[in-house]
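Please walk me through the salt bridges in this structure. Where do they sit, and which parts of the chain do they connect?

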Amino acid sequence: QVQLVESGGGLVLAGGSLRLSCAASGRSFSSYSMGWFRQAPGKEREFVAAIRWSDGITYYADSVKGRFTISRDNAKNTVYLQMNSLKPEDTAVYYCAADRGVPYSSNWVSPGGPIDYWGQGTQVTVSS
C-alpha cells in the first residue's frame with residue numbers, strides 16, 4: 001500500500017522558515033516525480049513545487065520561486081520542502097504528492113491535474 005506521510009508543519013512568524021518532509025513507502029518511486037501542493041481556506045488547491053526522483057529536475061510555482069527549495073533523499077525515500085521568507089499568504093494545508101508526470105507537466109501545474117498519490121496534508125500557518 002502506497003503511503004506518503006508529511007511532517008514538519010506548524011506555526012511560524014512572517015519571515016521565518018519551516019521544512020516539510022514527505023516519507024514515501026509502498027512501491028518504487030524511481031520513475032516518479034514527487035512534490036507539494038497547498039490549499040488555503042476557501043481557495044482551490046494549487047501547485048507549489050515538484051522534483052523528478054531520477055535526476056532531480058525541479059519546477060516551482062512563480063509564487064514560491066526564490067523562497068522555497070524542494071529536494072530529495074534517495075536513501076530515505078523522502079522529499080523535503082524548505083520554506084524560507086514565509087509570508088502570511090503561504091498559510092495553507094500542504095499536501096505531498098507523487099505522479100508519473102514530469103514536474104512541469106499538466107498533471108502537476110494544471111488545476112485538478114490527475115495526480116497518482118496524495119498524502120494526508122500538514123498545516124502551515126504564518127502569522128504577521
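**Salt bridges across the fold**

Arg100 and Asp116 form a salt bridge, with their closest N and O atoms 2.9 Å apart. The term means a side-chain nitrogen of Lys or Arg within 4 Å of a carboxyl oxygen of Asp or Glu. Arg100 lies in the loop between strand 9 and helix 1 (106–109), and Asp116 in the loop between helix 1 and strand 10 (117–118), so the pair ties together parts 16 residues apart in sequence. Helices (H or I, at least four residues) and strands (E, at least two) are DSSP runs, numbered from the N terminus.

This is a predicted model: local features need pLDDT of at least 70, side-chain atom pairs count only at pLDDT 80 or more, and totals for chains, interfaces and linings use all residues. Residues are numbered from 1 along each chain as its sequence is written, and side-chain values use heavy atoms, leaving out hydrogens and water.

Arg100 counts as exposed at 57% relative accessibility. Asp116 is partly exposed at 26%. Buried means under 20% relative accessible area, exposed over 50%, partly exposed in between (1.4 Å probe, protein chains only).

Now turn to Asp90. Its side chain meets that of Arg38 in a salt bridge (2.9 Å, N to O). Arg38 lies in strand 4 (residues 33–39) and Asp90 in the loop between strand 8 (78–83) and strand 9 (92–99), so the pair links parts 52 residues apart in sequence. Both Arg38 and Asp90 are buried. Asp90 also forms a salt bridge with Arg67, at 2.7 Å between the closest N and O atoms. Arg67 is buried too, at 11% relative accessibility.

Shared partners join Arg38, Glu46, Arg67 and Asp90 into one salt-bridge network. The whole structure holds six salt bridges.
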